[in-house]
Amino acid sequence: MKLLQIKMYRRINYIAAILVLVCGFGAQAQVTTSSPYSRYGLGNIKGSLLPQFRAMGGISTAVSKVTGFNNINVQNPASYAGISLTTIDIGMSASVINLKRNSLSESSFNSTFSHLAFAAPVGRRSALSFGILPYSDLGYSYKNTTKVDTTTVNQLYEGEGGLSKAYLGYGYRFGDHLRIGGNLEYIFGNLQTTRASEFQSLGALNAKLQNKNSVAGLNYSYGIQYDFNVGKKTLITLGYSGSTSGKINSTQTFFATRYTRDQDGNENTAIDTLSSINNGKSNLTLPLTHNFGIAIQQNDKWMIGADFRMSKWSKTTINGVSQGLQDSWGASLGGQWTPDAYSYNSYLKRIDYRLGVSYDKTYIKINNQDIKQMGASLGFGFPLPTANGGTAFYKINFTTELGQRGTLNNGLVKEQYINFHLGFTLNDTWFRKYRVD
């Protein structure tokens with residue numbers, strides 16, 4: 001019994017050390033996105049996807065367990081019911097973004113801590129999961145120059161911040177085929193935007209609007225999955241997940257000021273404040289979402305699947321004001337192949353190879369032009385050796401996404417990106433009761 005306790009403490013210390021290192025590095029590397037399209041709505045919506053699901057184009061609604069390894073699928077909480085071992089997943093992400101408009105081009109690099117998720121079985125038919133991951137990110141800074149009579153005016157737009165999601169979920173299995181689940185989600189964070197009009201003449205009186213929404217509130221998501229056996233080794237899974245259209249409380253701070261710039265271009269202290277709201281009570285309405293999926297898999301060998309998603313962003317409001325968004329929809333297709341998950345003489349055969357594509361009509365429409373996003377992804381699941389023949393299984397999941405959003409038509413911006421996602425997954429037999437003779 002003492003030996004078992006020592007092993008347990010070592011595992012806890014090992015995972016705790018990894019969490020401290022990853023969270024510490026993530027806090028230092030935390031940089032928001034550099035996308036002008038994050039100006040609209042709540043920013044860039046991240047989705048509740050871990051690296052292993054992003055590698056397959058984002059399919060997740062009908063995915064439970066692949067090749068016998070436990071993965072935490074936050075997108076559909078019904079999948080928690082298939083978790084048979086204590087599972088921890090932590091990770092980071094980075095992106096290279098290139099923006100093009102007419103003959104202009106600009107590149108940027110951002111990196112951040114991406115997620116921390118934990119799950120453990122509760123009996124033979126259910127499991128509990130909790131964690132934290134990004135909901136949206138906001139980050140942009142650009143300028144439009146116009147003429148008012150003979151005077152040049154610069155319109156400056158800046159934004160930063162984003163929302164995070166902490167969740168607590170539970171999934172339960174009925175019989176051998178039906179799984180249901182739900183997440184209680186706490187959405188929180190800050191959305192800060194600034195808009196200014198500046199005249200290109202010394203001593204000119206400029207105007208600035210600064211707005212900050214501090215968001216904190218509860219939302220709910222839910223899901224269901226059903227399996228069909230096709231022969232002895234092939235399984236078809238149908239899945240559905242969604243989230244409610246709830247109102248989340250927020251606190252608004254708003255200032256409208258006038259100011260000048262000195263001869264070196266530095267902003268002087270505001271001359272006066274035309275309008276202000278300090279800690280005003282507000283609310284934010286999230287969209288009703290629906291996700292539908294199908295997956296076909298052969299046990300411990302391969303899986304292919306497809307997802308379709310839709311969200312009612314046209315109903316989204318902040319403080320009762322419509323954000324001028326449109327309903328969005330998208331589709332994903334992808335899969336995974338593992339040559340031989342239990343091979344003893346070939347490491348390459350035990351690697352998970354993942355591939356996927358996705359297409360989305362986003363909630364943004366500018367100059368009567370729908371902003372669309374499309375991408376392709378490639379990923380690998382690298383199994384790590386088990387120490388001393390123990391019961392713990394480790395895997396490193398690495399994913400690369402290449403895609404673009406927007407268009408050069410109508411004077412708009414084309415955004416091309418390469419995203420990198422790195423995750424560490426642990427499966428272990430924590431909390432199991434042992435009998436001692």
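The structure holds 15 aromatic pairs, where rings of Phe, Tyr and Trp (its six-membered ring) pair if their centres lie within 6.5 Å. Planes under 30 degrees apart count as stacked, over 60 as edge-to-face and the rest as tilted.

Before the examples, a word on the source. This is a predicted model, in which local features need pLDDT of at least 70 and side-chain atom pairs count only at pLDDT 80 or more, while totals for chains, interfaces and linings use all residues. Residues are numbered from 1 along each chain as its sequence is written, and side-chain values use heavy atoms, with hydrogens and water left out.

Why is the pair of Tyr186 and Phe188 stacked? The ring centres are 5.6 Å apart and the planes stand at 25°, so Tyr186 and Phe188 count as stacked. Tyr186 is partly exposed at 37% relative accessibility, and Phe188 is partly exposed at 27%. Here, buried means under 20% relative accessible area, exposed over 50%, and partly exposed in between, with a 1.4 Å probe and protein chains only.

Trp329 and Tyr359 form a tilted pair, because their centres lie 5.7 Å apart and their planes meet at 45°. This pair links distant parts of the chain: Trp329 belongs to strand 15 (residues 328-337) and Tyr359 to strand 16, 30 residues apart. Strands (E, at least two residues) are DSSP runs, numbered from the N terminus. Ring pairs also join Trp337, Tyr353, Phe380 and Phe382 into a cluster.

Lys208 lies over the face of Tyr259, 4.9 Å from the ring centre, and the charged end of Lys395 sits over the ring of Phe69, 4.3 Å from its centre. The criterion is NZ of Lys or CZ of Arg within 6 Å of the ring centre and within 35 degrees of the ring normal.

I turn now to the nonpolar cores: sets of buried Ala, Val, Leu, Ile, Met, Phe, Trp, Tyr and Cys residues joined through side-chain atoms within 4.5 Å. Which residues of the largest core touch the most other members? Of its 25 residues, they are Tyr37, Leu42, Tyr135, Leu163 and Leu286. Strands 2 (86-101), 4 (126-148), 5 (151-174), 6 (178-199) and 16 each supply at least two residues of this core. Apart from it lies another core, of 19 residues, including Leu50 and Val63.

Technical notes. Helix = DSSP H or I, 4+ residues; strand = E, 2+ residues; numbered from the N terminus.
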